[in-house]
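Please examine the sequence and the three-dimensional model shown here.

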Amino acid sequence: MKNFRLFCLLMLVGFTCTEKKPFNAYFQKENASVYNKAMELVSLEILEFPLDSNLRFSTYSIGVSTVEGREYLSFLDADLMTLMIFDYTDTHKLHKVQFEYEGPNGVGNLATSGHYLHSFDSIYLFHHWSGVLLHATDSGEIINRYPLTDYGNTPKLPMPFPNTGAPMLYSQGKLLIPCTITLYQNDYRDYPSALSVDLATKKVNYLSVFPDLYSEAYWGNKFKYEPAMAYNPTTEELVLSYPVDHFLQSVNLRTGEVSRHFVGSEHFEAIPPFKQDISHHLKRVKGSRDLEEDDHGSSTSDYRGIYYDQHNNLYYRVALIRPSLERLSVSRVPDFSIIILNERFEKLGERLFSSKVYDPSKVFLSSTGINLFRRDKHNQDENKIAIEVFEPVMVGDI
């Protein structure tokens, strides 16, 4: 009997020693709430782009591209299957590209699809539902198709997921595209978070993988698994921002070297997971919603876009400042801040923006600064798009 009790005690001690410790999210004040404030984002101008009565502004993908030395603002209206292209400086000049749903030039359902305007003969659409990248001309003709993933093959393949906050980027004949998860995993250490596609050979390469903290816990809603990325052509660095990670991940595309850089917001600290058990997703009823999980996602602040401003050699990181759990009944829409970083990822400033005025899902760059969609002005007049441009200014110059 005494030996049996000893055996049970040893088994209990052994189980306790091997039991996984709870994951504690990391946070530091340096380069978050403690930093030398050197820069501020200052309003430069408000641009207004007129819409005709047949067009309503509904888009998942908007941005500014440079074509033959001139900048153009374009947005994809998935409902009307139209790409609208405005001259960025002469805002009344408009060109429409109409796509077909079916037929040899059919693009199908473009809901939640992203686009990249490379030139007027090279417009790229990522078709979210099929996992195919479409190459179109400004007449709507589809001249090439690039399979990027196969949703039916294996749940281990990622889902390319370009959008305004995480746009497709171009480098040396390749498109760089951020990826999210197709299905929840029990281990993300080798799960791709970005890919490249060679536009000449159609070869697809994975460029980065999710950081380790995604394998330590279950983070809840899928939008917590949607990274954004920026590209610095001078250093050939791909920089990724993950929603639940204070660290930015930098991947040198030439050498393959990976580094991490802590960049926090002054408006929130550690980001808690929804559940400690990474396999919690297996306990969910397929097709059902978990209201507790939804509330957690809507009340837990996180990160979104990351942008590289090559004209000022700066990075901008977007942080979503979500309401507390108690205030979700009032509003679930988060305010947001934009963090300014130098090329060494040292924090230089952070500015808070109200979601009643601006839309955090529609932030993009131009040569003059960072562009924010004015939600309030569009609500007042739906026949125009209003974009406010902010430029980085040294604090002493304000």
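The paragraphs that follow go from the chain as a whole to selected elements and residues.

This is a predicted model, in which local features need pLDDT of at least 70 and side-chain atom pairs count only at pLDDT 80 or more, whereas totals for chains, interfaces and linings use all residues. Residues are numbered from 1 along each chain as its sequence is written, and side-chain values use heavy atoms, with hydrogens and water left out.

The secondary structure of the chain amounts to three helices and 25 strands; these are DSSP runs numbered from the N terminus, with helices (H or I) having at least four residues and strands (E) at least two. The chain is as compact as a globular protein of its length, because its radius of gyration of 23 Å is close to the 21 Å that the globule rule gives for 398 residues. That radius is taken over C-alpha atoms, and the rule is 2.2 Å times the number of residues to the power 0.38. The C-alpha trace spans about 90 × 55 × 45 Å along its principal axes. Of the 398 residues, 54% count as buried, where buried means under 20% relative accessible area, exposed over 50%, and partly exposed in between (1.4 Å probe, protein chains only). Among contacts (heavy atoms within 4.5 Å) with a separation of 6 or more, 54% are between residues 24 or more positions apart.

E21 pairs with strand E20 (residues 314-321) in the antiparallel sense over seven bridges; two strands pair if DSSP finds at least two bridges between them. Within this pairing, Leu-341 of E21 is the bridge partner of Tyr-315. E21 also pairs with strand E22 (residues 347-353), again in the antiparallel sense, over six bridges, and Ile-340 stands opposite Gly-349 in E22. Five residues separate E21 from E22 in a hairpin, and Phe-345 in the turn has a positive phi of about 65°.

Helix H2 (residues 291-299) contains several buried residues: Glu-293, Asp-294, His-296, Gly-297 and Ser-298. Asp-290 caps the N-terminal end of H2, with a side-chain oxygen 3.0 Å from the backbone nitrogen of Glu-292.

Aromatic rings provide another set of links. Rings of Phe, Tyr and Trp (its six-membered ring) pair if their centres lie within 6.5 Å; planes under 30 degrees apart count as stacked, over 60 as edge-to-face and the rest as tilted. By this rule there are 31 aromatic pairs. The pair of Phe-49 and Tyr-88 is tilted, because the ring centres are 6.5 Å apart and the planes lie at 35°. Phe-49 lies in strand E1 (residues 39-50) and Tyr-88 in the loop between strand E4 (82-87) and strand E5 (94-98), so the pair ties together parts that are 39 residues apart in sequence. Both Phe-49 and Tyr-88 are buried.

Where does Ser-130 lie? Ser-130 is in the loop between strand E7 (122-127) and strand E8 (132-136). Ser-130 counts as partly exposed because its relative accessibility is 34%. Its side chain makes a polar contact of 2.8 Å with the side chain of His-127. A polar contact is a pair of N or O atoms within 3.5 Å; within protein, one must be able to donate a hydrogen and the other to accept it, and residues adjacent in sequence count only if both atoms are side-chain atoms. Leaving aside neighbours within four places in sequence, Ser-130 is in contact with Thr-149 and Tyr-151.
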